[in-house]
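Visitor: I would like to be walked through this model slowly, one question at a time. Could we begin with the words we shall need?

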Amino acid sequence: MNLVLQNIGRRFGSNWIVRHLDLEVSEGECLALLGPSGCGKSTTLRLIAGLDQPNEGSIYIAGKDVTRVSPVDRRIGMVFQSYALFPHLTVFANLALGLQVRGIGASDRKQRVASVLALMQLEDLADRHPAELSGGQRQRVALARALLRDPLVYLLDEPMSNLDAQLREDLRPQLRHLILKGSQPVIYVTHDQHEAMAMAHRIAVMRDGKIEQIGTPQELYHNPSSLFVASFIGRPQINLLPAESGIIKAIRPEHLQLSSEGIPCRLIYREWLGTSQLLMIESNRGPLRMLCASEIKIPETIRLKWSPEKEHQFDASTGERC
Amino acid sequence: MMRHRNLLITVLLLWSLAPLLWQVYTSFSTHEALLQPLGEHNHRWTLDNYRQVLTANPPFWRYLFNSVIVGIGSTGLTLLLAIPAAYSLSKVSQNVARTAKFLLFGAALFPYVLLFLALLELARSLNLGNNLLALSFPYAALSMPLAVLLLLSAFRDLPSELEEAARLEGLGLWQRLRWILIPLIGPATASTAILVFLFSWNEYPIAMTWISRADLLTLPVAIARIAGSSVYSIPYGAYAAATVLGALPLLLLVLIFQRQIVSGLTQGAIKG
Amino acid sequence: MIQLLLFPATLLIALIFGLPLVRYTWLSFHADSVLTGLVAIPNHGANWLRLLHDERFWQDTYQTARFATVSVSLELLLAIAIALLLDQRWRGRGVVRAISLLPWALPTTVMALGWRWIFNTPYGPIEQFAELIGLQPLNILSNPNITWIATVFGDVWKTTPFAALILLAGLQTIPNDLYEAFYLEGGHPRAALFQITLPLLQPYLLLSLLFRLAQAFGVFDLIQVMTGGGPAGSTESLALYAYLNAMRFLDFGYSATVMISGFLLLVIACLLIWLIIQQARHWREAVK
């Protein structure tokens, strides 16, 4: 049971939103589509769901070509960013409707809905309407609905972006556990790299309708294939040094080290983050960010160096890795 | 202006109610009281006028009944056709929709009374005269433009993700309409229904030319017939009683459904 | 598949608005009356020639236009006032709004009968009041010079709520901040009406104007029941004349001619209004 996208392209007028997109997500794998707004990640999700038709390419779910198949028949479990719960139905009815329409008998429906309600800890809310629920509860109902679909693929469109930071952290492990229990591939769209790194096996970084790089979080972090990926992954953002003979060097803030022989720098500002501290530094190679343990005392003038293995090099004109 | 608000409100109320109240007064007045309103009378008040109207042949409630039949028929037919039409219009491209809205708007403006002759010929040739349910068809057709416009904007107001989620749940088109879309446009449907009902209840020229049998007349036509007698005779008490009885159902409808009526017209104005 | 859903409604609408116009145009070039045994025989524009010289037709056109213009102007003025009143928040507003809707909701014929009584000479309240204050009998419904004013009154009473509601909808789209900013800069409430309210209300005024004008042009129910077109045809409208030609004189060909002409005149009137408004807009832009 896997998901394959082949050479997918979608345009609006003469503007290609997504082009030459190839993707493969295996059984039980969670792939995050990560990127800034407008990069095409939501469009890609909608194409997989069938809510939009590609102008080029094919989509295969569990080996079957579903490119021309209606979303009604694709067996997709999707959680929308707004959850899209039916406002006029109770939680129970929201969950039971799909089952009813697919011909499942009343007592069977009751049983299935009850079990998924128990799984998501929503039993007490079965008779409430979506308007009476909190954001986190609505998200769980939306998830429950997707589970009940018994889908071949799960699609999650920024499922946590409507929740506050604390709730997001609380729900992350629950969500991960639930989704990854099954063997279905999961596509997780997000603009938040921390969420992507926490939830996914692999991340596809997207820009302007194309995938810049796919890899595990570690691969993307240690070996970004382009300037864009290097800048997008990792917070605080990677330091980009001014171009020299067509090459841009980059070094992550956490890889900068205090040293007696490094380049001369001056401390501008210090942000305390708990166990670590973020330093804004002025150097002869331009402004630098540095991340280190908060106990370390930083004088006004310092010298910084970094190990060359941690340094990344990119072609100044193409942004590709050298 | 604000300081005189209460005065203005009173004026508005008087203005709206006075003619009706005068009819009520007249309907309960005796013949003599009408001839000499300011004189002294032994018998000023009477129920005779109402008795006369209600025991006429055919009985007055018959007209109300006919109007209700036509009203329900028109409303049902209009909604039956307008809801799918509005749904499909909500899915087409903006340009097509704009043209459609423009045309529908023009149709809604059209003084429909001009159509009576052609409709009369139609009724004659298809032998639809004196048939209350047949009358629902032209009424539905005339109400269709406004109905489609109102329902179209209601469908447009629904978040598109709701229907998308329904599709992913496995609901086909009819199932989506039945379980999700139509329930969610309930208020707009109610507004449309009451406006169509009001239109068909009050319609006169077409009803008059299509229906001639006394016991099938709708209310406006019946009243007009009563009024058809000479202007110089004075059973005005009975006329007034007929007016009051004819107005009562409408009063009730408006008072009960005023929110839907207002919201329907308001939506039509804003989105128009 | 989805487009199929449009079909029945579109068909019905096209038929009911399109067919009659086509039919009338065709009929207008035929003689179809008692004289022809109710069979349509081409008469090559004889109806149209007759129309051009038909004094009654042109008199009715004038009367209908007069009725429509005066009615609609009065209605819009009143409607603005009512809408402004209903736009504010005060206790009982909903009830008053519902009551002010009543005139519109009643069937025209029902109240037309009522108006006949109210304007009746000598027993109606108007005449009674005139007598009380020492005036001569007004003979409202039998004086060819002023009966039409009574019909205007009846029309204004019935249809003002409709216009008022549309304008009310428009008023409610005007954000309060605009007024607050205006007052903060020392603006006077009366000035606010002309500087803010009316300009922003324009599209709604236009909407009500077009709607009401088209409806008033086709006035039929009120006239037929209230005055029958009299006295001496002074209140007869185009629609009534067309109706009489068809139902009383049984001259269907001519009736169709009258109706097509009425329709054309209405379209021309609406276009003229549209053009005037567009031109006024240009002038205002140029002045700025």
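Guide: Two residues are in contact if their C-beta atoms, placed from the backbone, lie within 7 Å. This is a predicted model, in which local features need pLDDT of at least 70 and side-chain atom pairs count only at pLDDT 80 or more, while totals for chains, interfaces and linings use all residues. Residues are numbered from 1 along each chain as its sequence is written, and chains are lettered from A and ligands numbered from 1 in the order in which they are written.

Visitor: Among the pairs of chains that touch, between which two are the most contacts?

Guide: Chain A and chain C do not touch, since their nearest C-alpha atoms are 13 Å apart. There are 2 pairs of chains that touch, and the most contacts among them are between chains B and C.

Visitor: Which helix gives the largest share of the side of chain B that touches chain C?

Guide: On this interface, 68 residues of chain B are in contact with 68 residues of chain C. Helices (H or I, at least four residues) and strands (E, at least two) are DSSP runs, numbered from the N terminus. The largest share of this side of chain B, 18 residues, comes from a helix spanning residues 236–271, namely α13 of chain B.

Visitor: How many residues on that side of chain B are nonpolar, polar and charged?

Guide: Ala, Val, Leu, Ile, Met, Phe, Trp, Tyr, Cys and Pro count as nonpolar, Asp, Glu, Lys and Arg as charged, and the others, Gly among them, as polar. By this rule, the side of chain B that touches chain C divides into 56 nonpolar, 10 polar and 2 charged.

Visitor: Which helix of chain B supplies the largest share of the side that touches chain A?

Guide: Here 16 residues of chain B are in contact with 16 residues of chain A. Both α8 (160–168) and α9 (173–184) of chain B supply at least two residues of this side. The residues of the side divide into 9 nonpolar, 3 polar and 4 charged, and the largest share, 6 residues, comes from α8(B).

Visitor: How far apart do the C-alpha centres of the two domains of chain A lie?

Guide: Domain bounds come from an automatic or database domain assignment. For chain A this gives domain 1 (3–228) and domain 2 (243–315). The distance between their C-alpha centres is 39 Å.

Visitor: What is the average twist from one strand to the next in the sheet of 6 strands in chain A?

Guide: Two strands pair if DSSP finds at least two bridges between them, and in this open sheet, ordered β6-β7-β8-β3-β9-β10, the pairing is mixed. Its edge strands, which pair on one side only, are β6 (76–79) and β10 (210–215) of chain A. Axes are lines fitted to C-alpha atoms, for helices over the stretch in contact, and angles run from 0 to 180 degrees between N-to-C directions. On average, the twist from one strand to the next is 20 degrees.

Visitor: Which residue of β7(A) does M78(A) stand opposite?

Guide: Strand β7 (residues 153–157) of chain A pairs with β6(A) in the parallel sense over 4 bridges. Within β7(A), the residue opposite M78(A) is L155(A).

Visitor: Which residue of β15(A) does I281(A) stand opposite?

Guide: Chain A also has an open sheet of 4 strands, with antiparallel pairing and the order β15-β14-β13-β16. Its edge strands are β15 (286–293) and β16 (301–305) of chain A. Strand β14 (residues 276–283) of chain A is joined to β15(A) by 8 bridges and the two run antiparallel. In β15(A), the residue opposite I281(A) is L288(A).

Visitor: How many helices and strands does chain C come to?

Guide: Read along the sequence, chain C follows the pattern α-β-β-α-α-α-α-α-α-α-α-α-α-α. The secondary structure of chain C therefore comes to, with runs taken from DSSP, 12 helices and 2 strands.

Visitor: Why is helix α5 of chain C described as largely enclosed?

Guide: A residue is buried if 20 or more other C-beta atoms lie within 10 Å of its own, exposed if 12 or fewer, and partly exposed in between, with C-beta atoms placed from the backbone. Among the buried residues of α5(C) are W115(C), R116(C) and W117(C). The helix (residues 108–118) is largely enclosed by the rest of the structure because the number of its 11 residues that are buried is 11.
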